[in-house]
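Colleague: Could you walk me through reading strands and sheets in a model? I would like the general idea and then the case at hand.

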Amino acid sequence: MSETGGVREVKSAARTVELLELLAARGDRPARLQELADELGVPRSSMYALLQTLISRGWVRTDVTGSLYGIGIHALLTGTSYLDSDPRVRVVRPYLDEASQALGETIHMGRLDGRDVAYLATRESHEYLRTISRVGRRLPAHVGALGKALLAERDDAELPAGPYEALTPHSHTSRESLVADLTEVRARGYSVDREEGVLGIVGFGFALRYDTPAQDAISCSVPVARLTPGHEGRIVAVMREIRGKIEATVAPGGGTVHWR
């Protein structure tokens with residue numbers, strides 16, 4: 001049994017979290033009982049009992065036949081509480097509005113979570129509307145502007161050996177190519193994602209250095225078809241200004257609880 005901070009992991013709690021994370025990762029693809037049991041390596045009867053407990057508390061939902069399972073509404077309520085209670089997100093939101101109004105493009109705030117970036121806030125472009133919000137979604141740090149901006153704030157020795165997952169033909173798949181990119185990010189002062197996470201989209205990422213190393217970043221995403229050299233220059237100038245305003249507003253430490 002694994003330990004965290006010298007305390008033995010509670011197996012039932014760990015299994016519950018693993019199940020919820022699995023269902024959340026599946027998005028709009030509901031799972032069957034046997035799939036979940038096989039994926040987590042637990043007996044079918046144990047998985048069924050756990051699912052029924054979570055259904056009764058709103059963390060898991062099932063269809064009318066009782067054979068398909070998905071993430072429940074209480075996961076949304078808990079996630080919303082996280083965003084509403086986070087002082088960094090509250091401070092950054094108005095500046096995302098300012099950047100969106102100035103540029104007319106999609107603006108994101110994300111936070112590093114292990115090897116991924118979690119999207120905490122988004123202001124969508126009126127010119128390029130997505131059918132779903134990115135808030136609450138995750139993207140591997142090595143493929144996006146947000147993630148690369150944050151990885152560049154860290155020592156390259158922390159990077160895994162690879163190979164890395166490719167989301168598009170432009171994604172970094174080797175440690176060597178990612179390290180070379182991060183070297184350019186540090187010299188430039190911001191990251192550029194040229195269709196590495198989503199085909200047809202270029203992103204510009206800026207780490208927010210009110211924590212050391214930076215945990216949060218902001219980015220601007222723009223369709224390739226609308227990205228001219230002049231527009232790219234304006235995006236970089238505006239986003240640099242927005243980053244400066246945010247960092248000037250949030251003092252290091254910020255007088256808030258330091259979560260780990």
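**Reading the strands**

Modeller: Gladly, and keep in mind that this is a predicted model. Let us begin with burial, where a residue counts as buried if its relative accessible area is under 20%. Strand 11, residues 216-223, is mostly covered, with 8 of its 8 residues buried.

Colleague: Which residues point one way from strand 11, and which the other way?

Modeller: D216, I218, C220 and V222 point one way, while A217, S219, S221 and P223 point the other way. All of them are buried.

Colleague: Now for the neighbours: how many bridges join strand 10 to strand 11?

Modeller: Pairing rests on bridges, and two strands pair if DSSP finds at least two between them. Strand 10 (residues 201-208) runs antiparallel to strand 11, joined by 8 bridges. Within that pairing, V222 of strand 11 has V202 opposite. Strand 6 (residues 106-113) also pairs with strand 11 in the antiparallel sense, over 6 bridges. There, I107 stands opposite C220.

Colleague: What is the order of the open sheet of 3 strands?

Modeller: The order is 3-5-4, and the pairing is antiparallel. Strand 3 (31-32) and strand 4 (60-62) are the edge strands, each pairing on one side only. Strand 3 and strand 5 (residues 68-71) run antiparallel and share 2 bridges; A31 has Y69 in strand 5 as its bridge partner.

Colleague: And which strands does helix 1 lie across?

Modeller: Helix 1, residues 11-26, lies across strand 3, strand 4 and strand 5. Relative to strand 5, the helix runs at about 95 degrees.

Technical notes:
Residues are numbered from 1 along each chain as its sequence is written. This is a predicted model: local features need pLDDT of at least 70, side-chain atom pairs count only at pLDDT 80 or more; totals for chains, interfaces and linings use all residues. Side-chain values use heavy atoms; hydrogens and water are left out. Buried means under 20% relative accessible area, exposed over 50%, partly exposed in between (1.4 Å probe, protein chains only). Helices (H or I, at least four residues) and strands (E, at least two) are DSSP runs, numbered from the N terminus. Contact means heavy atoms within 4.5 Å. Axes are lines fitted to C-alpha atoms, for helices over the stretch in contact, and angles run from 0 to 180 degrees between N-to-C directions.
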